[in-house]
Amino acid sequence: MKQLDKEEQQLLDLLPKGIERPRPLKELVKLTGWSNRRVRGIINRLIVIHHQPIGAKYEHPNNGYYIITNNEERQQALAPLTSQITMMSKRAEIISSAELESEE
């Protein structure tokens with residue numbers, strides 16, 4: 001596995017272990033001084049390149065990112081992702097088979 005760079009390590013160190021108190025994106029932006037996009041990009045790299053088990057909780061008011069510590073948290077992190085994949089696949093199927101005006 002590739003070594004974490006300084007930014008990746010800094011962001012990983014800011015993430016709490018466990019789902020109880022996830023750290024919101026807004027707070028990560030404030031603590032790092034980076035943009036929303038940059039923070040999300042680094043989180044993506046931590047997950048995809050470095051295989052870090054980072055989950056996201058989307059329920060207000062207790063939303064944010066956290067380090068997954070057990071299988072229950074893993075399942076909670078996977079549920080919205082699998083739902084999003086299903087919805088995107090459905091949209092892609094409909095768009096690919098939709099009749100276009102120029103084809104009428």
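This is a predicted model: local features need pLDDT of at least 70, side-chain atom pairs count only at pLDDT 80 or more; totals for chains, interfaces and linings use all residues.
When I say two residues meet, I'm using contact in the sense of heavy atoms within 4.5 Å.

Okay, the overall layout. The protein chain has 4 helices and 2 strands. If you walk along from the N terminus, the elements go α-α-α-β-β-α.

How does the radius of gyration of the protein chain sit against that of a compact globule of 104 residues? The globule would come out near 13 Å, but our chain has 17 Å. Along the principal axes, the C-alpha atoms fill a box of roughly 55 × 30 × 30 Å. As for burial, 28% of the 104 residues count as buried. One more number on the chain overall: take the contacts between residues at least 6 apart in sequence, and 54% of those join residues at least 24 apart.

Right, on to the helix pair. Two packed helices get described by the angle between their axes and the distance between those axes. Here we're looking at helix 1, residues 6–14, and helix 2, residues 25–32. Their axes come within 11 Å and cross at roughly 130°. Because of that, helix 1 counts as oblique to helix 2. The crossing itself, where helix 1 passes helix 2, is right-handed.

So who's touching whom? On the helix 1 side you've got Gln10, Leu11 and Leu14, and they meet Leu28, Leu31 and Thr32 of helix 2. Sort the residues of that contact by type and you get 4 nonpolar, 2 polar and no charged.

Let's start with His51, which sits in the loop between helix 3, residues 36–48, and strand 1. His51 has a positive phi of about 55°, although it isn't a glycine. Is that histidine buried or exposed? His51 has a relative accessible area of 62%, and the cut-off for exposed is over 50%, so His51 is exposed.

The other spot is Pro61. You'll find Pro61 in the loop between strand 1, at 54–57, and strand 2, at 64–67.

Technical notes: Residues are numbered from 1 along each chain as its sequence is written. Side-chain values use heavy atoms; hydrogens and water are left out. Axes are lines fitted to C-alpha atoms, for helices over the stretch in contact, and angles run from 0 to 180 degrees between N-to-C directions. Angles under 35 degrees count as roughly parallel, over 145 as roughly antiparallel, 65 to 115 as roughly perpendicular and the rest as oblique. A crossing is left-handed if the near helix is turned anticlockwise from the far one by less than a right angle, and right-handed if clockwise. Ala, Val, Leu, Ile, Met, Phe, Trp, Tyr, Cys and Pro count as nonpolar, Asp, Glu, Lys and Arg as charged, and the others, Gly among them, as polar. Buried means under 20% relative accessible area, exposed over 50%, partly exposed in between (1.4 Å probe, protein chains only). The radius of gyration is taken over C-alpha atoms; the globule rule is 2.2 Å times the number of residues to the power 0.38.
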